[in-house]
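User: Please take me through the fold of this chain, step by step.

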Amino acid sequence: MTVRKKLLGEWRGRLSKVTVPERNTAVLAELQSLRERVPRLTGSLVASSDGMLIEHDLPAHIEPAGMAAMAAAQLALSYRLATTAHGGGFNEVVVLGSEGQVVIYAAGYTSLTVLAGPEVNVGRLHLESRPVARAIAEHLAMTHPEKELE
């Protein structure tokens, strides 16, 4: 084997390695605490506005990256709808399904998505989730000060 082929093989190996991002322990703690405080909460995640997964506390049967992408798409659509209809900002959107609900809260440059069963107390869900969305926005603003809060 020539030196050239050996180097090429090493470079391919470096380029093909998948790196797993570090868990954001502060955000994960917020998500886990939310699940403990709200009965019938099935999971939650934080995604950037472009659909990248930041952190999640989801059950194993839900794929986190795909859910983050869908949440970002819903967030963008909801934001556009709110600004077109009323000229103001966006705070949250609730999707009611026959087997549960999905609530997406604006959290700075990110979103907090919460999944809950059909029997969840919606008032309690909002009461607990809104401050968590603000806390997550603050955690991420301290971690990434170059990002602007919307």
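Analyst: A definition comes before the details: two strands pair if DSSP finds at least two bridges between them. The model is a predicted one.

User: In what order do the elements of the chain run from the N terminus on?
Analyst: The chain has four helices and five strands. From the N terminus on, the order is α-α-β-β-α-β-β-β-α.

User: In what sense do strand β4 and strand β5 pair, and over how many bridges?
Analyst: β4 covers residues 100-107 and β5 covers residues 110-116. In this pairing, A107 stands opposite T110 of β5. The sense is antiparallel, over seven bridges.

User: How many residues lie between β3 and β4 in their hairpin?
Analyst: β3 and β4 run antiparallel and are joined by six bridges. L96 stands opposite Q101 in β4. The two strands form a hairpin, and the number of residues between them is two.

User: Which strands are the edge strands of the sheet?
Analyst: The sheet is open, has five strands and pairs in antiparallel fashion. Its order is β2-β1-β5-β4-β3. An edge strand pairs on one side only, which here applies to β2 (53-57) and β3 (92-97).

User: By what angle are neighbouring strands of this sheet turned against each other on average?
Analyst: The value is an average over neighbouring strands, and direction is ignored. It comes to 15°.

User: Which helix lies across β1, β2, β3, β4 and β5, and at what angle to β1 does it run?
Analyst: β1 spans residues 41-48, and the helix across the strands spans residues 64-86. The helix is α3, running to β1 at about 70°.

User: Are α2 and α4 roughly parallel or roughly antiparallel to each other?
Analyst: The axes of α2 (residues 25-37) and α4 (residues 122-143) come within 10 Å and cross at roughly 175°. Angles over 145 degrees count as roughly antiparallel. The two helices are therefore roughly antiparallel.

User: How do the residues of the contact of α2 with α4 divide into nonpolar, polar and charged?
Analyst: α2 contributes A26, V27, E30, L31, L34 and R37 to the contact. The residues from α4 include V132, A135, I136 and L140, along with R124 and E128. The division is eight nonpolar, two polar and four charged.

User: What percentage of the residues of the chain count as buried?
Analyst: A residue counts as buried under 20% relative accessible area. The chain has 150 residues, and the buried share is 37%.

User: What share of the accessible surface belongs to carbon and sulfur atoms?
Analyst: The accessible surface of the chain comes to about 9600 Å². Carbon and sulfur atoms hold 58%.

Definitions and conventions
Residues are numbered from 1 along each chain as its sequence is written. This is a predicted model: local features need pLDDT of at least 70, side-chain atom pairs count only at pLDDT 80 or more; totals for chains, interfaces and linings use all residues. Side-chain values use heavy atoms; hydrogens and water are left out. Axes are lines fitted to C-alpha atoms, for helices over the stretch in contact, and angles run from 0 to 180 degrees between N-to-C directions. Contact means heavy atoms within 4.5 Å. Buried means under 20% relative accessible area, exposed over 50%, partly exposed in between (1.4 Å probe, protein chains only). Accessible areas come from the Shrake-Rupley method with a 1.4 Å probe; for residues, only the protein chains shown count as cover. Angles under 35 degrees count as roughly parallel, over 145 as roughly antiparallel, 65 to 115 as roughly perpendicular and the rest as oblique. Ala, Val, Leu, Ile, Met, Phe, Trp, Tyr, Cys and Pro count as nonpolar, Asp, Glu, Lys and Arg as charged, and the others, Gly among them, as polar.
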